[in-house]
Amino acid sequence: MTAPAGRTVAIWRSCLLPGSETFIRHQGGALTDWRAAYVGAVKVASPIAADTDAIAYPDGAAGRLGWILLRLTGRSRRLRALLAGLRPAVVHAHFAGDGWLVSRAAVRLGVPLVITVHGLDVTSQARRPGLRGLRHRRHLRVAFARAALIIAVSEFIRDRAIEAGADPAKVRVHHTGVPIAAVPARVPSRWDIVFVGRFVAKKGLDDLVEAAGMLGDLRPRILLIGAGPLAEQIRRRAAELGLDATFPGVRDAAAVRRALAESKVFVSPSKVAPDGDTEGLPTTILEAGSVGLPTISTHHSGIPEAVVHGETGLLCREGDRAALAAAIRRLLTDDELRERLGSQARRHVEAHFDLGAQTGRLQELYESVAVIGAGPRLR
């Protein structure tokens, strides 16, 4: 079924939009039968922010007060008016906490709410001790009760959402896709190992650096793209180990794609962080596969849904640095295996994670809950 021309989905992310969340912009941009209207509470200065984004609380004293009150109460006439002006048939919130923030406005307007849960929102945040944890769990229950549909980015995250109070009948697993471009022309490898992502505990960068330190005879050339609170710690440890490691910071999508094409293996040894933070399904793994790069990762969260051990990459136990080093050694010293896994990774991503196909399925989910007929009324 094709949606009527002009059907709008309001895509809500309270902080619009961190550079690490390109998947949200890609998904909205791939819609064909729907028009994406991006709505946020506050604007984030990042390479993927856009002047067309609708911001409820512009910088200034009044805006800051409104943003504080929304976080405290979940109520905002200003947000409700902004959404009503867009006349959406669906509101789609990313992350459960943001789902709670916008849920009251969506209900008051009579617009169905879709919430995508990605990872930390139903893992570490849901397990926090004390009043913060209690408040988050209460907000989860309210948001899930108000939502018409809850999208989980992996089977693992689906189970965590249900544990946190989501009605199983409302939850659908839907993998976020990535753009599938032509296979890049073969170029000489500048890097043996590449990592792309935030420098935070769940990414396992400490394990990656220590494992690379066990490969002194190979002396792999390592490219670590990204930024975050652990960046200086990781940089310092790499220097202590004498690694040939380059830290270019955050790079745009084109630069990341070039780096992937110039590398031999993508390594992303994710694990449960000390505070319980957990991955959903990292899109960087899908992006690596889309250019024919095999991934070395871990049996963590939804990663085995993207990396088939022995077919599209290699998986280790979380935190097992010796096993990680052995997997890296295996792929760096076996050209035939590395090429075969990379080719199969590309085919796997094409078959299961193509952005166009996955977004088509997302539109079907929108249709299943959408407001039919006239737009919402401001009440």
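A disulfide is a pair of cysteine sulfur atoms within 2.5 Å. By this rule, the count here is zero disulfides. The structure is a predicted model.

The cut-off for buried is under 20%, exposed is over 50%, and partly exposed lies in between.

| Residue | Relative accessible area | Class |
|---|---|---|
| Cys15 | 28% | partly exposed |
| Cys316 | 6% | buried |
| Ser290 | 1% | buried |

Cys15 has 28% relative accessibility, so it counts as partly exposed. Cys316 is buried, because its relative accessible area is 6%.

**Around Ser290**

Ser290 sits in helix α10, which covers residues 283-290. Its relative accessible area is 1%, so Ser290 is buried. What does Ser290 contact, leaving aside its neighbours within four places in sequence? The partners are Val178, Pro179, Ile180, Arg257, Arg346 and Val349.

Now take helix α3 (residues 77-86) and helix α4 (residues 96-109). They pack at an angle of about 60°, and their axes are 9 Å apart. The two helices are therefore oblique to each other. Is the crossing of α3 and α4 left-handed or right-handed? It is right-handed.

Which residues of α3 and α4 meet? From α3 come Leu79, Arg80, Leu83 and Ala84. From α4 come Leu101, Val102, Ala105, Arg108 and Leu109. By class, this contact of α3 with α4 holds seven nonpolar residues, two charged residues and no polar ones.

How values were computed
Residues numbered from 1 in each chain as written. Predicted model: local features only at pLDDT ≥ 70, side-chain atom pairs only at ≥ 80, totals over all residues. Heavy atoms only, no water. Axes fitted to C-alpha atoms, helices over the stretch in contact; angles between N-to-C directions. Helix = DSSP H or I, 4+ residues; strand = E, 2+ residues; numbered from the N terminus. Parallel < 35°, antiparallel > 145°, perpendicular 65-115°, else oblique. Left-handed = near helix turned anticlockwise from the far one by under 90°. Contact = heavy atoms within 4.5 Å. Nonpolar A, V, L, I, M, F, W, Y, C, P; charged D, E, K, R; others polar. Buried < 20%, exposed > 50% of the residue type's maximum accessible area, 1.4 Å probe, protein only.
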